Amino acid sequence: MSDLEDLRRTLPMVGAEPAILDDTRIAHVVAHGHHILSHRTVPGVRVELEETPDAIIGQLIVEAGAQIAQPIHMCFGLAHPTGVQQIKIDVEICEGAQARVLSHCLFPVAQSAEHRMQAVMEIGPGASLTYTEGHYHGPHGGMRVLPHATIKIGPGARYFSDFSLLSGSVGTLDIDYLVEVEADGLAELSAKIFAHKTDHITLKEAVMLRGERSRSLIKTRVVLEDQAQADIVGITEAYAKGARGHVDCMEIVQGRAHASAIPIVRVFHPEAKVTHEAAIGSVDKKELETLMARGLSPEQAVEMIVSGILR
Amino acid sequence: MPVPLLDISALTFEADHHPILDRLDLSIQPGEIHALLGANGSGKTTLAYVLMGCEGYAPGGGRILFNGTDLLPLKMYERARLGLTLAWQEPARFEGVTVREYLSLEKPDFDPAPVLKQVGLDPDRYLNRRVDKSLSGGERHRIELASVLSMNPKLAILDEPAAGIDMLSITHIIDIIRALKAAGGSVLLITHQEEVSLIADRASQLCAGRIIFSGSPREAVDHFRGRSCVRCDGEVCTYVRP
(Lines give C-alpha, C1' and ligand atoms only; values in the text may rest on other atoms or scores of the structure.)
Protein backbone atom coordinates (compact mmCIF):
# COMPACT_ATOMS: atom_id res chain seq x y z
CA MET A 1 0.00 0.00 0.00
CA SER A 2 1.29 3.49 -0.85
CA ASP A 3 2.20 6.15 1.73
CA LEU A 4 -0.64 8.26 0.35
CA GLU A 5 -3.12 5.48 0.88
CA ASP A 6 -1.80 4.87 4.42
CA LEU A 7 -2.31 8.51 5.38
CA ARG A 8 -5.64 8.66 3.60
CA ARG A 9 -6.96 5.73 5.59
CA THR A 10 -6.03 7.51 8.82
CA LEU A 11 -8.02 10.66 8.09
CA PRO A 12 -11.11 9.43 9.99
CA MET A 13 -8.99 9.39 13.18
CA VAL A 14 -9.12 13.19 13.07
CA GLY A 15 -12.70 13.37 11.90
CA ALA A 16 -12.02 13.83 8.18
CA GLU A 17 -13.34 11.80 5.27
CA PRO A 18 -10.77 10.33 2.84
CA ALA A 19 -13.07 11.36 -0.04
CA ILE A 20 -12.14 15.02 0.48
CA LEU A 21 -8.91 14.32 -1.37
CA ASP A 22 -10.90 13.35 -4.49
CA ASP A 23 -13.18 16.39 -4.47
CA THR A 24 -12.09 18.87 -7.13
CA ARG A 25 -13.79 21.74 -5.27
CA ILE A 26 -11.51 21.28 -2.26
CA ALA A 27 -7.91 22.43 -2.06
CA HIS A 28 -5.53 20.07 -0.34
CA VAL A 29 -1.93 19.12 0.30
CA VAL A 30 -0.79 15.70 1.46
CA ALA A 31 2.81 15.23 2.53
CA HIS A 32 4.65 12.23 3.93
CA GLY A 33 7.94 13.21 5.48
CA HIS A 34 9.48 15.66 3.04
CA HIS A 35 7.58 14.36 0.02
CA ILE A 36 4.45 15.97 -1.31
CA LEU A 37 2.17 13.11 -2.31
CA SER A 38 -0.83 15.03 -3.53
CA HIS A 39 -2.03 18.59 -3.85
CA ARG A 40 -4.78 20.62 -5.45
CA THR A 41 -5.67 24.28 -5.44
CA VAL A 42 -8.90 26.11 -6.09
CA PRO A 43 -9.49 29.65 -7.39
CA GLY A 44 -8.41 32.22 -4.81
CA VAL A 45 -5.90 29.87 -3.15
CA ARG A 46 -2.23 29.56 -4.02
CA VAL A 47 -0.17 26.76 -2.53
CA GLU A 48 3.53 26.85 -3.31
CA LEU A 49 5.52 24.14 -1.59
CA GLU A 50 9.00 22.87 -2.22
CA GLU A 51 10.48 19.55 -1.20
CA THR A 52 13.98 19.76 0.28
CA PRO A 53 16.00 17.06 2.05
CA ASP A 54 15.42 18.71 5.43
CA ALA A 55 11.96 20.21 5.17
CA ILE A 56 8.96 21.09 3.11
CA ILE A 57 9.11 24.81 2.64
CA GLY A 58 6.51 27.04 1.13
CA GLN A 59 3.51 29.22 1.42
CA LEU A 60 -0.24 29.17 1.35
CA ILE A 61 -1.90 32.35 0.14
CA VAL A 62 -5.57 33.20 0.06
CA GLU A 63 -5.97 36.13 -2.27
CA ALA A 64 -7.48 39.45 -1.25
CA GLY A 65 -11.24 39.36 -0.99
CA ALA A 66 -11.46 35.64 -1.76
CA GLN A 67 -14.16 33.75 0.10
CA ILE A 68 -13.12 30.12 0.04
CA ALA A 69 -16.27 28.09 0.42
CA GLN A 70 -14.72 24.71 1.20
CA PRO A 71 -12.05 24.17 3.86
CA ILE A 72 -8.48 23.84 2.67
CA HIS A 73 -7.07 20.52 3.88
CA MET A 74 -3.42 20.26 4.83
CA CYS A 75 -2.53 16.69 5.62
CA PHE A 76 0.96 16.22 7.01
CA GLY A 77 2.29 13.02 8.43
CA LEU A 78 4.52 10.01 8.43
CA ALA A 79 3.25 6.68 7.24
CA HIS A 80 6.23 4.80 8.72
CA PRO A 81 7.26 3.97 12.32
CA THR A 82 10.34 6.21 12.20
CA GLY A 83 11.26 9.41 10.47
CA VAL A 84 11.36 13.15 10.66
CA GLN A 85 9.09 15.70 9.11
CA GLN A 86 9.73 19.40 9.18
CA ILE A 87 7.31 21.90 7.68
CA LYS A 88 8.17 25.56 7.25
CA ILE A 89 5.20 27.39 5.94
CA ASP A 90 4.01 30.95 5.60
CA VAL A 91 0.27 31.40 5.53
CA GLU A 92 -1.13 34.65 4.26
CA ILE A 93 -4.81 35.49 4.31
CA CYS A 94 -4.94 38.69 2.34
CA GLU A 95 -7.17 41.67 3.05
CA GLY A 96 -10.86 40.87 3.27
CA ALA A 97 -10.39 37.15 2.50
CA GLN A 98 -12.04 34.35 4.41
CA ALA A 99 -10.85 30.78 4.66
CA ARG A 100 -10.94 27.70 6.81
CA VAL A 101 -7.89 25.47 7.01
CA LEU A 102 -8.13 21.96 8.38
CA SER A 103 -4.70 20.69 9.25
CA HIS A 104 -4.53 16.92 9.75
CA CYS A 105 -1.34 15.71 11.38
CA LEU A 106 -1.23 11.94 11.06
CA PHE A 107 1.39 9.61 12.47
CA PRO A 108 -0.56 6.37 12.73
CA VAL A 109 2.32 3.93 13.30
CA ALA A 110 4.96 6.21 14.80
CA GLN A 111 7.33 4.54 17.21
CA SER A 112 10.24 6.94 17.13
CA ALA A 113 9.46 9.89 14.93
CA GLU A 114 9.43 13.66 14.95
CA HIS A 115 7.28 16.36 13.38
CA ARG A 116 8.24 20.00 13.48
CA MET A 117 6.07 22.80 12.21
CA GLN A 118 7.31 26.34 11.93
CA ALA A 119 4.56 28.59 10.68
CA VAL A 120 4.16 32.29 10.20
CA MET A 121 0.59 33.34 9.61
CA GLU A 122 -0.56 36.79 8.58
CA ILE A 123 -4.24 37.58 8.61
CA GLY A 124 -4.73 40.78 6.66
CA PRO A 125 -7.08 43.67 7.49
CA GLY A 126 -10.66 42.49 7.77
CA ALA A 127 -9.72 38.92 6.86
CA SER A 128 -10.73 35.78 8.71
CA LEU A 129 -9.00 32.44 9.22
CA THR A 130 -10.39 29.45 11.06
CA TYR A 131 -7.56 27.01 11.61
CA THR A 132 -8.51 23.59 12.90
CA GLU A 133 -5.64 21.27 13.69
CA GLY A 134 -6.38 17.63 14.44
CA HIS A 135 -3.61 15.26 15.47
CA TYR A 136 -3.36 11.49 15.62
CA HIS A 137 -0.06 10.09 16.85
CA GLY A 138 -0.91 6.39 16.91
CA PRO A 139 -0.93 4.09 19.93
CA HIS A 140 2.78 3.76 20.71
CA GLY A 141 3.67 7.08 22.32
CA GLY A 142 6.76 7.39 20.18
CA MET A 143 5.95 10.69 18.55
CA ARG A 144 7.63 14.00 19.26
CA VAL A 145 5.66 16.93 17.88
CA LEU A 146 6.72 20.55 18.00
CA PRO A 147 4.27 22.97 16.37
CA HIS A 148 5.57 26.51 16.67
CA ALA A 149 3.80 29.46 15.09
CA THR A 150 3.74 33.22 14.98
CA ILE A 151 0.39 34.65 14.01
CA LYS A 152 -0.16 38.29 13.12
CA ILE A 153 -3.75 39.46 13.09
CA GLY A 154 -4.33 42.66 11.22
CA PRO A 155 -6.83 45.44 11.93
CA GLY A 156 -10.36 44.07 12.15
CA ALA A 157 -9.17 40.56 11.31
CA ARG A 158 -10.35 37.40 13.01
CA TYR A 159 -8.44 34.25 13.82
CA PHE A 160 -9.91 31.13 15.37
CA SER A 161 -7.73 28.12 16.08
CA ASP A 162 -8.75 24.78 17.50
CA PHE A 163 -6.09 22.20 18.29
CA SER A 164 -7.23 18.72 19.24
CA LEU A 165 -5.47 15.48 20.07
CA LEU A 166 -8.09 13.21 21.55
CA SER A 167 -7.35 9.64 20.55
CA GLY A 168 -4.24 7.52 20.69
CA SER A 169 -1.09 8.56 22.50
CA VAL A 170 0.36 12.02 22.54
CA GLY A 171 4.03 11.14 23.02
CA THR A 172 5.84 14.42 23.48
CA LEU A 173 4.03 17.56 22.43
CA ASP A 174 5.57 21.01 22.61
CA ILE A 175 3.29 23.76 21.31
CA ASP A 176 4.51 27.34 21.20
CA TYR A 177 2.23 29.96 19.64
CA LEU A 178 2.71 33.71 19.67
CA VAL A 179 -0.21 35.81 18.49
CA GLU A 180 -0.14 39.56 17.85
CA VAL A 181 -3.49 41.31 17.50
CA GLU A 182 -3.95 44.75 16.00
CA ALA A 183 -6.88 47.15 16.46
CA ASP A 184 -10.34 45.58 16.43
CA GLY A 185 -8.77 42.19 15.78
CA LEU A 186 -9.92 39.00 17.42
CA ALA A 187 -7.99 35.86 18.36
CA GLU A 188 -9.57 32.77 19.85
CA LEU A 189 -7.27 29.87 20.61
CA SER A 190 -8.67 26.59 21.80
CA ALA A 191 -6.76 23.40 22.62
CA LYS A 192 -8.13 20.05 23.72
CA ILE A 193 -5.81 17.18 24.56
CA PHE A 194 -6.28 13.78 26.18
CA ALA A 195 -2.99 12.36 27.43
CA HIS A 196 -2.21 8.89 28.76
CA LYS A 197 0.67 6.67 29.90
CA THR A 198 3.89 8.69 29.87
CA ASP A 199 2.72 11.40 27.48
CA HIS A 200 4.26 14.81 28.09
CA ILE A 201 2.66 18.07 27.02
CA THR A 202 4.18 21.51 27.04
CA LEU A 203 1.76 24.13 25.80
CA LYS A 204 2.62 27.80 25.63
CA GLU A 205 0.23 30.23 24.02
CA ALA A 206 0.91 33.94 24.18
CA VAL A 207 -1.36 36.68 22.89
CA MET A 208 -0.26 40.28 22.61
CA LEU A 209 -3.19 42.65 22.31
CA ARG A 210 -1.41 45.52 20.58
CA GLY A 211 -4.31 47.41 19.05
CA GLU A 212 -7.25 49.30 20.49
CA ARG A 213 -10.33 47.15 21.09
CA SER A 214 -8.40 44.01 20.22
CA ARG A 215 -9.80 40.91 21.89
CA SER A 216 -8.64 37.41 22.69
CA LEU A 217 -9.55 34.17 24.37
CA ILE A 218 -7.20 31.33 25.22
CA LYS A 219 -9.15 28.24 26.21
CA THR A 220 -7.34 25.05 27.13
CA ARG A 221 -8.81 21.72 28.16
CA VAL A 222 -6.42 18.92 29.05
CA VAL A 223 -7.25 15.56 30.57
CA LEU A 224 -4.39 13.48 31.92
CA GLU A 225 -4.35 9.91 33.14
CA ASP A 226 -1.78 7.26 34.09
CA GLN A 227 1.59 9.02 34.43
CA ALA A 228 1.04 11.74 31.87
CA GLN A 229 2.14 15.26 32.58
CA ALA A 230 1.33 18.69 31.27
CA ASP A 231 2.75 22.15 31.73
CA ILE A 232 0.41 24.79 30.39
CA VAL A 233 1.21 28.48 30.13
CA GLY A 234 -1.35 30.93 28.80
CA ILE A 235 -0.09 34.48 28.44
CA THR A 236 -2.11 37.53 27.52
CA GLU A 237 -0.71 41.03 27.45
CA ALA A 238 -2.86 44.07 26.71
CA TYR A 239 -1.22 47.24 25.45
CA ALA A 240 -4.05 49.41 24.15
CA LYS A 241 -7.26 51.12 25.09
CA GLY A 242 -10.28 48.83 25.11
CA ALA A 243 -8.25 45.64 24.70
CA ARG A 244 -9.92 42.65 26.34
CA GLY A 245 -8.44 39.22 26.96
CA HIS A 246 -9.33 36.10 28.88
CA VAL A 247 -7.34 32.95 29.70
CA ASP A 248 -9.33 29.87 30.66
CA CYS A 249 -7.45 26.69 31.50
CA MET A 250 -8.88 23.49 32.90
CA GLU A 251 -6.91 20.33 33.52
CA ILE A 252 -8.40 17.11 34.81
CA VAL A 253 -5.83 14.89 36.46
CA GLN A 254 -6.40 11.20 37.09
CA GLY A 255 -4.19 8.35 38.26
CA ARG A 256 -0.59 9.41 38.86
CA ALA A 257 -0.64 12.14 36.26
CA HIS A 258 0.42 15.63 37.16
CA ALA A 259 -0.14 19.06 35.73
CA SER A 260 0.64 22.72 36.07
CA ALA A 261 -1.28 25.66 34.69
CA ILE A 262 0.19 29.13 34.72
CA PRO A 263 -1.95 31.97 33.40
CA ILE A 264 0.09 35.12 32.99
CA VAL A 265 -1.78 38.33 32.39
CA ARG A 266 -0.21 41.73 31.99
CA VAL A 267 -1.90 45.02 31.30
CA PHE A 268 -0.03 48.09 30.05
CA HIS A 269 -2.95 50.44 29.51
CA PRO A 270 -5.42 51.69 32.13
CA GLU A 271 -8.40 51.03 29.87
CA ALA A 272 -7.45 47.47 28.99
CA LYS A 273 -8.58 44.41 30.90
CA VAL A 274 -7.43 40.82 31.01
CA THR A 275 -8.96 38.10 33.16
CA HIS A 276 -8.04 34.50 33.81
CA GLU A 277 -9.27 31.33 35.39
CA ALA A 278 -7.39 28.10 35.88
CA ALA A 279 -8.51 24.89 37.48
CA ILE A 280 -6.56 21.70 38.00
CA GLY A 281 -7.90 18.70 39.78
CA SER A 282 -9.78 15.49 39.60
CA VAL A 283 -13.21 15.22 38.05
CA ASP A 284 -15.63 17.50 39.88
CA LYS A 285 -17.20 15.55 42.73
CA LYS A 286 -20.63 17.06 42.37
CA GLU A 287 -20.76 16.34 38.65
CA LEU A 288 -19.66 12.78 39.34
CA GLU A 289 -22.23 12.24 42.09
CA THR A 290 -25.03 13.77 40.03
CA LEU A 291 -24.43 11.25 37.27
CA MET A 292 -24.06 8.37 39.73
CA ALA A 293 -27.38 9.40 41.31
CA ARG A 294 -28.86 8.77 37.87
CA GLY A 295 -27.38 5.27 37.80
CA LEU A 296 -24.08 5.71 35.96
CA SER A 297 -21.12 3.78 37.34
CA PRO A 298 -18.10 5.90 38.36
CA GLU A 299 -16.33 4.88 35.15
CA GLN A 300 -19.29 5.82 32.96
CA ALA A 301 -19.68 9.12 34.80
CA VAL A 302 -16.01 10.05 34.40
CA GLU A 303 -16.13 9.18 30.71
CA MET A 304 -19.13 11.42 30.16
CA ILE A 305 -17.64 14.35 32.06
CA VAL A 306 -14.29 14.06 30.31
CA SER A 307 -15.81 13.73 26.85
CA GLY A 308 -17.87 16.86 27.53
CA ILE A 309 -14.82 18.83 28.63
CA LEU A 310 -12.88 17.79 25.54
CA ARG A 311 -15.69 18.58 23.12
CA MET B 1 -50.38 -0.66 56.99
CA PRO B 2 -48.51 -1.28 53.71
CA VAL B 3 -44.79 -1.97 53.77
CA PRO B 4 -42.97 1.39 53.51
CA LEU B 5 -40.95 2.10 50.39
CA LEU B 6 -38.39 3.85 52.57
CA ASP B 7 -37.96 2.82 56.16
CA ILE B 8 -35.33 4.69 58.19
CA SER B 9 -34.71 3.80 61.78
CA ALA B 10 -32.32 5.21 64.39
CA LEU B 11 -30.16 6.85 61.71
CA THR B 12 -27.21 8.79 63.05
CA PHE B 13 -24.61 10.91 61.30
CA GLU B 14 -21.90 13.02 62.86
CA ALA B 15 -19.61 15.65 61.39
CA ASP B 16 -16.58 16.64 63.44
CA HIS B 17 -18.10 14.88 66.45
CA HIS B 18 -21.19 17.03 66.11
CA PRO B 19 -24.45 15.08 65.68
CA ILE B 20 -26.27 16.11 62.49
CA LEU B 21 -28.74 13.22 62.37
CA ASP B 22 -29.71 11.92 65.78
CA ARG B 23 -31.43 8.51 65.85
CA LEU B 24 -33.73 9.67 63.09
CA ASP B 25 -36.82 7.60 62.22
CA LEU B 26 -38.83 8.21 59.07
CA SER B 27 -40.91 6.15 56.70
CA ILE B 28 -42.36 6.90 53.28
CA GLN B 29 -45.07 4.84 51.66
CA PRO B 30 -45.17 3.85 47.99
CA GLY B 31 -46.73 6.66 45.96
CA GLU B 32 -46.44 9.16 48.79
CA ILE B 33 -45.24 12.74 48.54
CA HIS B 34 -43.58 13.44 51.87
CA ALA B 35 -42.50 16.98 52.68
CA LEU B 36 -39.56 17.49 55.00
CA LEU B 37 -39.50 20.82 56.79
CA GLY B 38 -36.99 22.28 59.15
CA ALA B 39 -34.85 25.30 59.87
CA ASN B 40 -31.49 25.82 58.22
CA GLY B 41 -29.00 23.42 59.77
CA SER B 42 -31.65 20.99 60.98
CA GLY B 43 -30.20 18.15 58.88
CA LYS B 44 -32.53 18.00 55.86
CA THR B 45 -29.87 18.07 53.17
CA THR B 46 -27.58 15.81 55.20
CA LEU B 47 -30.37 13.26 55.33
CA ALA B 48 -30.71 13.47 51.55
CA TYR B 49 -26.95 12.89 51.09
CA VAL B 50 -26.90 9.98 53.54
CA LEU B 51 -29.85 8.34 51.78
CA MET B 52 -28.22 8.74 48.37
CA GLY B 53 -24.84 7.52 49.64
CA CYS B 54 -22.83 10.62 48.78
CA GLU B 55 -19.12 10.52 49.52
CA GLY B 56 -18.40 11.45 53.14
CA TYR B 57 -21.95 10.76 54.27
CA ALA B 58 -21.73 7.22 55.66
CA PRO B 59 -23.94 7.09 58.75
CA GLY B 60 -22.60 6.20 62.17
CA GLY B 61 -25.52 3.93 62.91
CA GLY B 62 -29.06 2.98 62.09
CA ARG B 63 -30.73 1.27 59.18
CA ILE B 64 -32.20 2.32 55.83
CA LEU B 65 -34.45 -0.11 54.03
CA PHE B 66 -35.51 0.77 50.50
CA ASN B 67 -38.16 -1.46 49.07
CA GLY B 68 -36.95 -4.06 51.57
CA THR B 69 -33.27 -3.76 50.58
CA ASP B 70 -30.65 -2.53 53.03
CA LEU B 71 -29.19 0.53 51.32
CA LEU B 72 -26.15 1.04 53.51
CA PRO B 73 -23.82 -1.50 51.87
CA LEU B 74 -24.69 -0.18 48.42
CA LYS B 75 -22.77 2.38 46.39
CA MET B 76 -24.49 5.48 45.10
CA TYR B 77 -25.11 4.22 41.58
CA GLU B 78 -26.35 0.90 42.92
CA ARG B 79 -28.93 2.78 44.99
CA ALA B 80 -29.89 4.75 41.88
CA ARG B 81 -30.33 1.54 39.92
CA LEU B 82 -32.79 0.40 42.60
CA GLY B 83 -34.89 3.48 41.78
CA LEU B 84 -33.63 6.10 44.23
CA THR B 85 -32.39 9.46 43.02
CA LEU B 86 -31.58 12.94 44.26
CA ALA B 87 -32.01 16.36 42.72
CA TRP B 88 -29.52 18.74 44.33
CA GLN B 89 -30.45 22.17 45.60
CA GLU B 90 -27.65 23.63 43.48
CA PRO B 91 -27.46 21.35 40.45
CA ALA B 92 -24.05 20.63 38.91
CA ARG B 93 -23.15 22.08 35.53
CA PHE B 94 -21.47 20.03 32.84
CA GLU B 95 -19.19 21.61 30.28
CA GLY B 96 -19.84 20.29 26.79
CA VAL B 97 -22.72 17.98 27.73
CA THR B 98 -25.96 18.73 25.91
CA VAL B 99 -29.38 18.69 27.53
CA ARG B 100 -30.29 15.82 25.20
CA GLU B 101 -27.33 13.75 26.43
CA TYR B 102 -27.97 14.63 30.05
CA LEU B 103 -31.57 13.49 29.86
CA SER B 104 -30.77 10.31 27.92
CA LEU B 105 -28.00 8.87 30.10
CA GLU B 106 -27.26 5.31 28.98
CA LYS B 107 -30.66 5.20 27.26
CA PRO B 108 -29.86 5.71 23.56
CA ASP B 109 -33.47 5.22 22.44
CA PHE B 110 -34.95 7.61 25.01
CA ASP B 111 -36.81 10.63 23.63
CA PRO B 112 -36.12 13.51 26.04
CA ALA B 113 -38.55 15.97 24.41
CA PRO B 114 -41.63 15.01 26.47
CA VAL B 115 -39.88 15.46 29.84
CA LEU B 116 -38.54 18.83 28.74
CA LYS B 117 -42.07 19.89 27.82
CA GLN B 118 -43.21 18.65 31.21
CA VAL B 119 -40.86 21.07 32.94
CA GLY B 120 -41.99 23.91 30.69
CA LEU B 121 -38.97 24.10 28.37
CA ASP B 122 -39.24 24.08 24.60
CA PRO B 123 -37.31 21.04 23.28
CA ASP B 124 -36.45 22.87 20.06
CA ARG B 125 -34.69 25.55 22.05
CA TYR B 126 -33.11 23.46 24.76
CA LEU B 127 -32.20 19.95 23.58
CA ASN B 128 -28.95 21.03 21.95
CA ARG B 129 -27.95 23.54 24.59
CA ARG B 130 -25.19 22.66 26.99
CA VAL B 131 -25.87 21.92 30.67
CA ASP B 132 -23.26 24.52 31.58
CA LYS B 133 -23.10 27.99 33.05
CA SER B 134 -24.91 29.46 30.05
CA LEU B 135 -28.17 28.25 31.64
CA SER B 136 -29.84 30.40 34.26
CA GLY B 137 -30.42 28.98 37.73
CA GLY B 138 -34.11 28.48 36.99
CA GLU B 139 -33.43 26.74 33.67
CA ARG B 140 -30.89 24.47 35.31
CA HIS B 141 -33.36 23.56 38.06
CA ARG B 142 -35.99 22.62 35.51
CA ILE B 143 -33.54 20.48 33.58
CA GLU B 144 -32.61 18.75 36.82
CA LEU B 145 -36.25 17.91 37.38
CA ALA B 146 -36.55 16.72 33.79
CA SER B 147 -33.58 14.45 34.46
CA VAL B 148 -35.35 13.00 37.50
CA LEU B 149 -38.53 12.51 35.46
CA SER B 150 -36.59 10.75 32.73
CA MET B 151 -35.37 8.21 35.29
CA ASN B 152 -38.90 7.36 36.43
CA PRO B 153 -37.63 6.70 39.95
CA LYS B 154 -39.36 4.83 42.76
CA LEU B 155 -38.28 7.59 45.15
CA ALA B 156 -37.04 11.03 44.16
CA ILE B 157 -35.42 13.17 46.81
CA LEU B 158 -35.93 16.76 45.73
CA ASP B 159 -33.83 19.24 47.70
CA GLU B 160 -35.47 22.66 47.40
CA PRO B 161 -36.75 22.02 43.87
CA ALA B 162 -38.34 25.46 43.64
CA ALA B 163 -35.29 27.41 44.77
CA GLY B 164 -34.52 30.14 42.26
CA ILE B 165 -37.74 29.54 40.37
CA ASP B 166 -40.01 32.51 39.76
CA MET B 167 -43.39 32.54 41.45
CA LEU B 168 -45.32 31.93 38.24
CA SER B 169 -43.32 28.79 37.58
CA ILE B 170 -43.86 27.25 41.00
CA THR B 171 -47.13 25.76 39.77
CA HIS B 172 -45.05 24.04 37.11
CA ILE B 173 -42.80 22.55 39.77
CA ILE B 174 -45.85 21.38 41.68
CA ASP B 175 -47.16 19.73 38.53
CA ILE B 176 -43.85 17.94 38.09
CA ILE B 177 -43.91 16.61 41.63
CA ARG B 178 -47.44 15.38 41.04
CA ALA B 179 -46.33 13.81 37.76
CA LEU B 180 -43.69 11.81 39.62
CA LYS B 181 -46.41 10.52 41.91
CA ALA B 182 -48.79 9.85 39.02
CA ALA B 183 -46.08 7.71 37.43
CA GLY B 184 -46.14 5.55 40.54
CA GLY B 185 -43.19 7.13 42.32
CA SER B 186 -42.73 8.61 45.75
CA VAL B 187 -41.13 11.96 46.55
CA LEU B 188 -39.20 13.15 49.58
CA LEU B 189 -39.67 16.87 49.19
CA ILE B 190 -37.28 19.12 51.06
CA THR B 191 -38.62 22.63 50.92
CA HIS B 192 -39.03 25.90 52.72
CA GLN B 193 -41.89 27.02 50.50
CA GLU B 194 -45.29 26.61 52.06
CA GLU B 195 -47.22 26.41 48.79
CA VAL B 196 -44.94 23.61 47.65
CA SER B 197 -45.04 21.66 50.90
CA LEU B 198 -48.84 21.74 50.99
CA ILE B 199 -49.08 19.41 47.98
CA ALA B 200 -47.55 16.61 50.07
CA ASP B 201 -49.57 13.71 51.43
CA ARG B 202 -47.67 13.85 54.70
CA ALA B 203 -45.04 16.09 56.17
CA SER B 204 -42.43 15.85 58.87
CA GLN B 205 -40.55 18.50 60.72
CA LEU B 206 -36.88 17.99 61.43
CA CYS B 207 -35.00 19.71 64.20
CA ALA B 208 -31.42 19.11 65.26
CA GLY B 209 -31.33 15.86 63.35
CA ARG B 210 -34.50 14.27 64.60
CA ILE B 211 -38.10 14.16 63.37
CA ILE B 212 -40.13 16.11 65.92
CA PHE B 213 -43.46 16.10 64.16
CA SER B 214 -45.22 14.11 61.44
CA GLY B 215 -48.70 14.68 60.19
CA SER B 216 -50.59 16.49 57.50
CA PRO B 217 -48.70 19.19 55.61
CA ARG B 218 -50.95 21.90 57.01
CA GLU B 219 -50.31 20.72 60.56
CA ALA B 220 -46.58 20.54 59.91
CA VAL B 221 -46.48 24.02 58.41
CA ASP B 222 -48.46 25.40 61.33
CA HIS B 223 -46.24 23.55 63.76
CA PHE B 224 -43.13 24.85 62.03
CA ARG B 225 -44.44 28.38 61.93
CA GLY B 226 -46.38 28.86 65.13
CA ARG B 227 -44.68 27.16 68.02
CA SER B 228 -41.46 26.81 69.88
CA CYS B 229 -39.82 23.59 68.82
CA VAL B 230 -40.47 20.88 71.40
CA ARG B 231 -37.02 19.45 70.77
CA CYS B 232 -34.77 22.48 70.84
CA ASP B 233 -37.15 24.77 72.71
CA GLY B 234 -36.32 27.56 70.37
CA GLU B 235 -32.55 27.11 70.43
CA VAL B 236 -32.39 26.01 66.80
CA CYS B 237 -35.80 27.00 65.47
CA THR B 238 -35.88 30.50 66.90
CA TYR B 239 -36.54 32.23 63.60
CA VAL B 240 -39.90 30.46 63.18
CA ARG B 241 -41.21 31.54 66.53
CA PRO B 242 -44.09 34.04 66.39
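Predicted model: local features only at pLDDT ≥ 70, side-chain atom pairs only at ≥ 80, totals over all residues.

User: What does the same reading give for chain B, with its 242 residues?

Analyst: The radius of gyration of chain B is 18 Å, in agreement with the value near 18 Å for a compact globule of that length. Its C-alpha atoms fill a box of roughly 50 × 40 × 40 Å along the principal axes.

User: What percentage of the residues counts as buried in chain A, and what percentage in chain B?

Analyst: Burial is read from the number of C-beta neighbours within 10 Å, where 20 or more make a residue buried. In chain A, 48% of the 311 residues count as buried. In chain B, 45% of the 242 residues do.

User: Which secondary structure elements make up chain A and chain B?

Analyst: Chain A comes to three helices and 19 strands, whereas chain B comes to nine helices and 10 strands. Of the contacts in chain A between residues at least 6 apart in sequence, 77% join residues at least 24 apart. For chain B, the corresponding share is 66%.

User: How is strand pairing read, and which strands does S9 of chain A join by bridges?

Analyst: Strand S9 (residues 128-136) of chain A runs parallel to strand S7 (residues 98-106) of chain A, with nine bridges between them. Within this pair, A:His104 stands opposite A:Gly134 of S9(A). S9(A) is also joined by seven bridges to strand S11 (residues 158-165) of chain A, again in parallel. There, A:Glu133 has A:Phe163 in S11(A) as its bridge partner.

User: Is S9(A) mostly covered or uncovered?

Analyst: S9(A) is mostly covered, with seven of its nine residues buried.

User: In the open sheet of chain B, what is the order of the strands, and which of them stand at the edges?

Analyst: For an open sheet, one writes the strands in spatial order and looks at the two ends. The sheet has four strands in the order S2-S1-S4-S5 (chain B), paired in the antiparallel sense. Strand S2 (18-28) and strand S5 (69-70) of chain B are the edge strands; each has a single partner strand, so one side of each is left without a neighbour in the sheet. Strand S4 (residues 61-66) of chain B pairs with S5(B) over two bridges, in the antiparallel sense. Here B:Leu65 has B:Asp70 in S5(B) as its bridge partner. Helix H1 of chain B packs on the sheet, touching strand S1 (6-15), S2 and S4 of chain B, and its direction makes about 70 degrees with that of S2(B).

User: Why is H1 (residues 44-52) of chain B described as largely enclosed?

Analyst: Nine of the nine residues of H1(B) are buried, so the helix is largely enclosed by the rest of the structure. Among them are B:Leu47, B:Tyr49 and B:Met52. After H1(B) comes B:Gly53, which has a positive phi, near 85 degrees.

User: How many residues does each chain bring to the contact between the chains?

Analyst: Chain B brings 20 residues and chain A brings 19 residues. On the side of chain B that touches chain A, helix H2 (76-81), strand S6 (84-87) and H6 of chain B each supply at least two residues. H2(B) gives the most, with four residues. By class, this side of chain B divides into 13 nonpolar, three polar and four charged residues.

User: Finally, what are the confidence scores of the model and of chain B?

Analyst: Confidence is read for the whole model, then for the chain, then locally. The model scores ipTM 0.93 and pTM 0.85. Chain B has an average pLDDT of 90, and 91% of its residues score at least 70. Over residues 238-242 of chain B, pLDDT stays under 50, and the model has seven contacts beyond four places in sequence for this stretch.

Terms used
Residues numbered from 1 in each chain as written. Chains lettered and ligands numbered in written order. Buried ≥ 20, exposed ≤ 12 C-beta atoms within 10 Å, placed from the backbone. Contact = placed C-beta atoms within 7 Å. Nonpolar A, V, L, I, M, F, W, Y, C, P; charged D, E, K, R; others polar. Pairing = 2+ DSSP bridges. Axes fitted to C-alpha atoms, helices over the stretch in contact; angles between N-to-C directions. pLDDT = per-residue confidence, 0-100. Rg over C-alpha atoms; globule rule 2.2 N^0.38 Å.
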